[in-house]
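Subject: Handover of a structure and notes on its contents

Dear colleague,

Please find below the structure that I am handing over to you. My notes on what was found follow directly after it.

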Amino acid sequence: MCGIIGYVGFRNASQVLYEGLKALEYRGYDSAGIATQRQKKIKVIKDSGRIEQIHSKYNFLQLSGQVGIGHTRWATHGGVTKQNAHPHCDCKKEVFIVHNGVIENFDELKMNLIAGGHSFTSETDTEVIAHLFEEELKSTKNAADAFASAISKLSGSWAIAAMKKGQQTLYLARNGSPLIIGVGRGEMFCASDVPALLPYTKKVIYLENGDRAILTSGKCLIYNKEGMPAERAVHYVEWTAQMAEKGGYPHFMLKEISEQEEKVKEALAADVSAAVQLLKNQKSFCVVACGSSYYAGLVFKTALQAGTGTVVDVIIGSEFANLWSGKDKVVVAISQSGETADTLAAVRFAKGKGAKIIAITNVAGSSLYREADANVLIGAGPEIAVVATKSFICQLAVLLKIALLLSGKKAQLAKLHGLPSKIAQLMKSSEEIEKIASILCKRKDFFFIGRGMAFPAALEGALKLKEITYLHAEAYPAGELKHGPLSLLDENVVVVALAPSSQNLPKMLSNIQECKARNAQIVIVSDSKEAFEKSKLCIKLPPCETEEIPIVYVIPLQLLAYYMATKLGRDPDKPRNLAKSVTVE
Ligand code: F6R
C-alpha cells in the first residue's frame, strides 16, 4: 500500500531516493517524503500530492547527504495531509522512520507513550514506532538494541526503514510487508520492490518475516525473529532497468498492453512441471486469489473442470476462511505480486491445515513464492501500471497450459502457440477501439456479458473499466440478465456483449436481442458476422479456439478502458484510491 526506500553509500542519497520513489509510486501516491542526513543533521521534505508535484514545489535534490530514507504513501491511518506523510520522527527529531503496513496495537502504544510524555504530530500508526525507538534509547546507547526492542512491542504488519541522527546506518525490520535489500559495492539499498533498485544493482536479499537488518555502506547484518544472526541468500534479478521504463509510450498501461504479444510467448514457455506434478492425482482442489487473479482462477476452472471430472473450487482470498472445506490437499494461489495480504492469509490458513501450496506469481522471492511448496513464474516482467494487464494475460497463458496438460489435451495446447499472432492481429484494431471509446466515454453505465470462457473475460473487462474510468460497470453471465439485472436496462445503458463463435453463440445472440429490445446501446465484441449485424458498434476479432477466448477477448477490453480513461482525463496508471500491491486485509 506504500512504497519505502533507503540508501547508505557514497552517492547523493536524495537522488537515489527520489528516483526510487518514482519507481515505487504505483504502490501509493497520495503523499511522499524523503529524509537525508549530512554532518549529523537530518532534513526532511514531505507533503501530500504526487511525487513530481512535491518535487517541483520543494526540490527533493536540495537535500544533501549520503544516507537517507523515502516513502510514497497510500493513506490508511490518518488523512492525506503533510503531517501524516512519512518520514515520521520522535520528539527530539533524532530518529526518522518510514513504514509500510499497519501497526494494529498503535492505539494502546500511543496512549502509553503520551502518558510517558511523548507528543505526537500526526494521526498515523507509524509515528508510534519513532517514539518507541526514542523511548528505548533512554535505556540503551546501542541504537540496534533500542530498535530491536521497539520492534518487539509492535503487532501487525510492517516494512520499516529507520535512521538515527549521527549515524551512517539504516535500521530495517520486516513482518508481513515486503522489504528487500539491494547489495552494491560500497553502498546498500532497501526498497519495497525490485524496480527501485534496478538502476544500481541486480543483487538482492529478500528479508523474511520477523527479520531485522542493519545496513552500513559496506555491510549488511541480518537477524532473525529470535534475534539471532541469520544468513539470507543473495539473489540475482533478471529484470532490467529498461523494462521498468515507459519506453516512449504515454502510459505504462499502454506499454504493458503492447508487450502482451511477446509476454504470452514467454508465459507459454514457463516451467509448469512442479504444479502439474502436484495436481495430477487430485480429484479436487481449490484455487485462491483476489481481483483479476481471481478471474484468472475462474478461467482455470472453466478450462479444467468441464469434461475432466476434476472439481475446482475458486475462492476469493478474503472469503477463504469462511468458505474453504479444509479437505483439499492442494491449494493453488494466484497472485501477480505475491504480496496480496488476503491471498497470503488464505495460504497460511490452508498450510495450517496441511495443504500443499502451488503459487502462480510474477515475482520470484515474493512472500507467496517463498511460502509455497511449488512455484510457477508467469514471466510478465515488471508491471508498473496499477491495474493488471500483462500479468493477467500471462497468468491465463500459464493456467491454460497447466489445465491442458492435466486434461491431456495436447492438440489444444499446441494451438495456444498461435496466440501471439492473434494478439498482433487484434492490436491492429486499436484505432477502431479508440473511436468506439470516444463515443462510449460520454456514457455512465456499462454491462459486460458473456458465456463460458467469455464470462471471466467480461468480468475482467468490467473491472478494468471501473478501475481506471470510475464509471459504473458490472459483468454477468449473459443468461443471468433475465433473472434480475434486465430491469436496469434502458437507452442510457451500454451492453458490451462478448460473442465469440462457439456453441454458446446462438444463446448469446438471443441475450443480445433481449438487451436491444430494452433500447440499450450494444457493443459487439466478436468474430461472427451474425453478431456484427446486431449493432453499429463492433470490435472485430480474429476467430479463436475456446481456450483462447479469455486472452483474445480481454485485450480489446483493456484497450477500450485505456482509451476511455485517457479521453476522460483520468490517469490510467494511477487510478484513485487503488494501489498495486494490497498488503492489508
Ligand atoms: C486489477 C488488479 C487487482 C489485482 C488484485 C490481486 O487490475 O490489479 O484486482 O488483481 O489486487 O493482486 P495480486 O494478483 O497481486 O494478488
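This is a predicted model: local features need pLDDT of at least 70, side-chain atom pairs count only at pLDDT 80 or more; totals for chains, interfaces and linings use all residues.

In which helix does Ala 274 lie? Ala 274 belongs to helix 8, which covers residues 273–279; helices are DSSP runs of H or I with at least four residues, strands are runs of E with at least two, and both are numbered from the N terminus.

Residues are numbered from 1 along each chain as its sequence is written, and side-chain values use heavy atoms, with hydrogens and water left out.

Ala 274 counts as partly exposed because its relative accessibility is 31%. Here, buried means under 20% relative accessible area, exposed means over 50%, and partly exposed lies in between (1.4 Å probe, protein chains only). Apart from neighbours within four places in sequence, Ala 274 is in contact with Ala 374 and Asn 375, where contact means heavy atoms within 4.5 Å. The C-alpha atoms of Ala 274 and Asp 373 are 8.9 Å apart, although 99 residues separate the two in sequence.

Ser 157 is found in strand 7 (residues 156–164). With a relative accessibility of 13%, Ser 157 is buried. Setting aside neighbours within four places in sequence, its contacts include His 99, Asn 100, Asn 175 and Thr 583.

Salt bridges

The whole structure holds 21 salt bridges, each being a side-chain nitrogen of Lys or Arg within 4 Å of a carboxyl oxygen of Asp or Glu. One of them joins Glu 25 to Lys 574, at 3.5 Å from N to O. Glu 25 sits in the loop between helix 1 (13–24) and strand 2, and Lys 574 in the segment after helix 20 (549–567), so this pair ties together parts that are 549 residues apart in sequence. Glu 25 is buried at 7% relative accessible area, and Lys 574 is buried at 19%.

A salt bridge also forms between Glu 136 and Lys 153, whose closest N and O atoms are 3.0 Å apart. Because Glu 136 lies in helix 4 (residues 127–137) and Lys 153 in the loop between helix 5 (143–151) and strand 7, the pair ties together parts 17 residues apart in sequence. Glu 136 is buried, at 12%, whereas Lys 153 is partly exposed, at 36%.

In a further pair, the closest N and O atoms of Lys 390 and Glu 259 are 2.7 Å apart. This pair links distant parts of the chain, 131 residues apart: Lys 390 is in helix 13 (residues 390–406) and Glu 259 in the loop between helix 6 (252–258) and helix 7 (260–268). Both residues, Lys 390 and Glu 259, are buried.

Backbone

Which peptide bond is cis, with omega near -5°? It is the bond from His 86 to Pro 87, and Pro 87 is placed in the loop between strand 4 (67–73) and strand 5 (88–89). Asn 59 is not a glycine, yet has a positive phi of about 65°. Asn 59 lies in the loop between helix 2 (51–58) and strand 4. Lys 93, likewise not a glycine, has a positive phi near 55°; Lys 93 is exposed, with a relative accessible area of 53%.

Yours sincerely
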